[in-house]
Amino acid sequence: MSVTEKSATEKSVAEKIIVPLDVPTEAEAIALVERLPQVSFWKVGLELFVGSGPSILTALKEREKRIFLDLKLHDIPNTMAGACRAAAKYGVDLLTVHATAGRTALEASQAAAEAGAIAAGLPAPKLIAVTLLTSLSSRMLALELKVPLELPEYALQMALLAQESGLAGAVCSPQEAEQLHQTCGDDFLLVCPGVRPTWAEAGDQKRAMTPAAALQAGASYLVIGRPITAASDPEAAFTRICDELAVVA
Ligand SMILES: O=C(O)c1cc(=O)[nH]c(=O)n1[C@@H]1O[C@H](COP(=O)(O)O)[C@@H](O)[C@H]1O
């Protein structure tokens, strides 16, 4: 592989990694963004958005970063629609809702996100639905949530519900990615958290896979937090993950 081809592969794998800004303040978030200039896609989740408000989104846009606004909305249709309409004015790339809100809520969310984006003169965010949190195991699904389906079947049904409701994709564990990719097709985005290099701690992730295996299974994007952000050298950790991905890209 030539030097130019190698750097193109490195850039394209780096663009598949979304790093969550799971910190309490905007100052800490910006410090992380500035420490890792090679990261182009950042996630703003509940801790940061609730703690510091929407100004972090403006700060990321000023730095020409892509944004995954992970609000995991789950409410009645009217309330979800209102929140999606409001979120669309921030010009974010991805926005999460929970598939278990049901078809009416998902359809209303999609329509409201599109209407909000038109009103703001911006492209609509891609709505993606959480199928089953990656912190839950098969045992927890059965014993705590009392769901009488096998976990892979449940995740697939939630993804199909999202797809049939007009959403752009789903959030799933990499362990379900292959089946969801086969059934939902290439155009349906699969955003996979629960990604752990062999050298990182699993923490609270119950259905993890390595970055390379997740990509091979069909993930469109990998959400990788603590293996990078909690590493003693985050830049080195990010580069190491990109190198592992380049082998399978
Ligand atoms: O929607 C998400 O991003 C999400 C869904 C899910 O099922 N599991 C999950 O871990 N996440 C998020 O992905 C990130 C994973 O971070 P790490 O476990 O540190 O890699 C966190 O910000 C979670 O909020």
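This report describes the predicted model of one protein chain, from overall dimensions to selected residues.

## Basis of the model

The model is predicted: local features need pLDDT of at least 70 and side-chain atom pairs count only at pLDDT 80 or more, while totals for chains, interfaces and linings use all residues. Residues are numbered from 1 along each chain as its sequence is written, and side-chain values use heavy atoms, with hydrogens and water left out.

## Overall fold and dimensions

The protein chain contains 12 helices and 8 strands; helices (H or I, at least four residues) and strands (E, at least two) are DSSP runs, numbered from the N terminus. The radius of gyration is 18 Å, close to the 18 Å that the globule rule gives for 249 residues, so the chain is as compact as a globular protein of that length. That radius is taken over C-alpha atoms, and the globule rule is 2.2 Å times the number of residues to the power 0.38. Along its principal axes, the C-alpha trace spans about 50 × 40 × 35 Å.

Of the 249 residues, 49% count as buried (buried is under 20% relative accessible area, exposed over 50%, partly exposed in between, with a 1.4 Å probe and protein chains only). Among contacts between residues at least 6 apart in sequence, 68% join residues at least 24 apart; a contact means heavy atoms within 4.5 Å.

## Surface and charge

The accessible surface of the protein chain is about 11,400 Å², and 54% of it belongs to carbon and sulfur atoms. Accessible areas come from the Shrake-Rupley method with a 1.4 Å probe; for residues, only the protein chains shown count as cover.

There are 21 positive and 29 negative side chains, and the centres of the two sets lie 2 Å apart. Lys and Arg count as positive and Asp and Glu as negative, without His and the chain ends; the place of a charge is NZ of Lys, CZ of Arg, CG of Asp or CD of Glu.

## Annotated domain and site

An unreviewed UniProt entry lists residues 16-241 as "domain: Orotidine 5'-phosphate decarboxylase". UniProt positions are given in the numbering used here, feature names are shortened, and annotations may be inferred rather than shown by experiment. The span is 46% helix and 16% strand, and its end C-alpha atoms lie 11 Å apart.

The annotation "active site", also from an unreviewed UniProt entry, covers Lys72. Lysine 72 sits in strand β3 (residues 66-73) and is partly exposed, at 27% relative accessible area. Beyond its neighbours within four places in sequence, lysine 72 contacts Thr96, Val97, His98, Val130 and Leu133.

## Positive phi angles

Most residues other than glycine have a negative phi. Lysine 72, not a glycine, has a positive phi of about 45°. Lysine 146 also has a positive phi, near 60°. Lysine 146 lies in the loop between α7 (138-143) and α8 (151-164) and counts as exposed, at 61% relative accessibility.

## Two buried helix residues

Serine 109 belongs to helix α6 (residues 103-120) and is buried, with a relative accessible area of 0%. Not counting residues up to four places away in sequence, serine 109 touches Met80, Ala81, Cys84, Val97 and Leu127.

Proline 234 is in helix α12 (residues 234-248) and is buried at 2% relative accessible area. With neighbours within four places in sequence left aside, proline 234 contacts Arg35, Leu36, Ile228 and Thr229.
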